[in-house]
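Dear colleague,

I am handing over the structure below, and my notes on it follow. Please read them with the coordinates open.

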Amino acid sequence: TAQHPRREFYSRGQKNTTAQMSDTTTKAYAALEVNAKKLEQIEIDLLPLTDDGVEIKVECCGLCGSDEHLIKGDYGEYAVFPQVCGHEVVGTVRQIGKNVKDVKVGQRVGVGWQSASCHSCEWCTKNNEQLCGKVKCTCCEGNRGGFADVMRCEDSQFVFPIPDSLDSCEVAPMLCGGQTVWTPLKEQTKPGDKIGVLGLGGLGHMAIKFAKAFGNEVVAISSSDSKKEMALEHGATGFLVHTSEDEMEKAAGTLDFILVTIATSETVEFEKFFSLLRPRGTMCFVGMVPKFMIDTFTMGFTMTNCTTSNTGSIKDMKEMLEFCAKNKLGAKVKKTPLSKINDALDELRSKQSAFRHVLVNDL
């Protein structure tokens with residue numbers, strides 16, 4: 001486990017019109033304890049600006065399901081309280097360390113789930129920094145994320161210039177949620193594949209947009225037809241209600257790839273979705289789900305696969321941002337002032353959002 005400075009000064013008090021408290025402190029919203037129902041506005045110490053580091057004035061920050069997992073304590077010791085989440089950050093560079101060459105002061109940039117790696121191990125040298133044994137996360141293990149007025153990232157290679165044509169709020173969720181679906185679609189599918197997207201929330205709608213832009217036929221898969229219109233608007237060419245036995249039977253053996261974007265602690269009968277795959281088809285999971293059984297005997301006859309995927313690399317992020325700019329892609333978002341973060345958090349917890357929440361800094 002990476003070691004970080006964990007002594008945090010914070011104070012609760014009345015709202016101050018001056019958001020940036022000093023050169024070493026900032027205002028932020030934090031969970032003060034495990035499973036906090038509300039986040040509190042506090043003042044925190046910024047971590048030291050390293051020679052390779054970047055200080056960012058936050059413009060906006062996406063609200064991701066992983067933030068809620070950190071707040072609830074689902075990630076164990078990765079959460080350090082007071083826990084300041086936020087890892088889909090867009091803002092402006094305010095300061096840089098002496099070794100930084102990738103970005104410059106005044107530039108609009110973004111930061112996703114990862115914030116550092118060793119850059120020298122097998123996985124880093126193969127453009128798989130997300131698999132580095134020393135990878136660090138933007139808002140874990142004492143790092144403070146983007147639910148703040150100012151944040152610091154210790155490794156400038158994980159601070160990405162944002163193309164001018166992209167809207168800050170629409171690109172923010174792409175920095176984690178977007179990359180999470182981009183990577184498996186790019187690595188595990190090919191042109192002409194018929195792709196199913198299971199789960200039509202924040203991740204699912206971005207997956208549909210990417211798969212459509214790649215030139216694939218896309219089937220949205222859901223438990224009811226309540227999100228059918230939304231899915232078709234985002235580019236789905238078909239819609240499958242998986243609670244309908246007739247629809248599932250008709251769709252059997254028709255998909256080359258299924259991307260499972262569901263994140264749940266509830267038991268789901270994932271086994272039934274393997275019947276939708278064509279021979280050599282793949283079902284890939286990018287959301288956290290409970291353990292389940294798979295029938296490898298039956299899968300063996302059609303040589304189908306079950307895989308996972310984990311965010312993406314520096315190269316993946318740069319390619320995704322360029323692709324989004326070229327194809328004018330962004331997430332469907334609902335903007336909320338950072339000072340109203342608890343309203344957005346309540347909506348996220350309701351699990352009814354078919355979009356991504358983005359918090360706009362108003363501290």
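Where is the place of P82? P82 is in the loop between α1 (65-72) and β4 (89-96), helices (H or I, at least four residues) and strands (E, at least two) being DSSP runs numbered from the N terminus. The peptide bond from F81 to P82 is cis, with omega near 5°.

This is a predicted model, in which local features need pLDDT of at least 70 and side-chain atom pairs count only at pLDDT 80 or more, while totals for chains, interfaces and linings use all residues. Residues are numbered from 1 along each chain as its sequence is written, and side-chain values use heavy atoms, with hydrogens and water left out.

Turning to α9 (residues 314-327), its buried residues (under 20% relative accessible area, 1.4 Å probe, protein chains only) include I314, M317, L321 and F323. What covers the buried residues of α9 includes α4 (177-188) and α5 (202-213). L321 touches F160, P161, I162, P163, L166, V171 and L175, leaving aside residues up to four places away in sequence, where contact means heavy atoms within 4.5 Å.

T311, in the loop between β15 (305-308) and α9, has a positive phi of about 35° and is buried, with a relative accessible area of 6%. K328, in the loop between α9 and β16 (333-337), has a phi near 55° and is exposed (over 50%), with a relative accessible area of 78%.

Methods:
Expected span 1.5 Å × (residues − 1).
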